[in-house]
Amino acid sequence: MGGQKIVLLSIFVCFYVFSLVSCTEFEAGGENGWIIPQSSNQSDIFNQWASKNRFKVGDTIRFKYKKDSVLVVTEDEYKKCQTTKPELYSNHDDTVFKLDRPGLFYFISGVSGHCEQGQKMIIKVMEVESTPQSPPPSSSLPASAHKKNHAVRKTSRFLGAGLVTISILVITVFSLV
């Protein structure tokens, strides 16, 4: 009976570790992509889109655009739509940015006038959760919301801790046989 408890505990630990390393790639702005808002009443469309999604460390944001750019800037530069000292600059029509820490990330267009017209966005990356008590955020959304947030793909990354957990599980199972 003690061996079965060890196996069950090992399986639980394995699922716990893998639940922490799943990552999602989002397309900035959802269906519309990284574009200039069409009218002044849409000037906050990117922040509205970002507020409807839950971002975590390891997720990525894909910016698709034509004849434009994306910059990562400080909060002050975001407010002023300044592009003189960006932390990141890309104008490759398809930019993928990894959210590598919790906190706020500020994105603006580098094309003159675009930021002032609303082509800017703040993304809040959540702290890593210490327990898997709540379900992943995507499972609590209706199926229609999945399409609207335009998460391009979800991937799982197998880290060293996951491999160690699987090794322990295999050794435990074979030691019981």
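**Entry 1: Q119**

I looked up the polar partner of Q119 first: the side chain of Q119 makes a polar contact with the side chain of H114, at 3.0 Å. I note that the model is predicted. I located Q119 in the loop between β7 and β8. Is Q119 buried or exposed? I recorded a relative accessibility of 0%, so Q119 counts as buried. Leaving out residues up to four places away in sequence, I listed W34, I35, I36, P37, F46, D68, I108, S109 and H114 as the residues that Q119 touches.

**Entry 2: the strands on either side of that loop**

I then turned to β7, residues 103-108, and β8, residues 120-126, which pair in the antiparallel sense over six bridges. Within this pairing I found F107 opposite M121 of β8. I traced the open sheet of five strands in the order β2-β8-β7-β4-β5, and its pairing is mixed. Why is one side of β2 and of β5 left without a neighbour in the sheet? I noted that β2 (55-56) and β5 (88-90) stand at the edges and each has a single partner strand, which leaves one side of each without a neighbour there.

**Entry 3: T95**

I placed T95 in strand β6, residues 94-98. Its relative accessibility is 7%, and the cut-off for buried is under 20%, so T95 counts as buried. I recorded a polar contact of 2.7 Å between the side chains of T95 and S90. Beyond four places in sequence, T95 touches I61, R62, F63, Y65, V70 and S90. Finally, I checked T95 against E27: these residues are 68 apart along the chain, and 10.0 Å separates their C-alpha atoms.

Notes
Residues numbered from 1 in each chain as written. Predicted model: local features only at pLDDT ≥ 70, side-chain atom pairs only at ≥ 80, totals over all residues. Heavy atoms only, no water. Pairing = 2+ DSSP bridges. Helix = DSSP H or I, 4+ residues; strand = E, 2+ residues; numbered from the N terminus. Buried < 20%, exposed > 50% of the residue type's maximum accessible area, 1.4 Å probe, protein only. Contact = heavy atoms within 4.5 Å. Polar contact = N/O pair within 3.5 Å; in protein donor to acceptor, adjacent residues only side chain to side chain.
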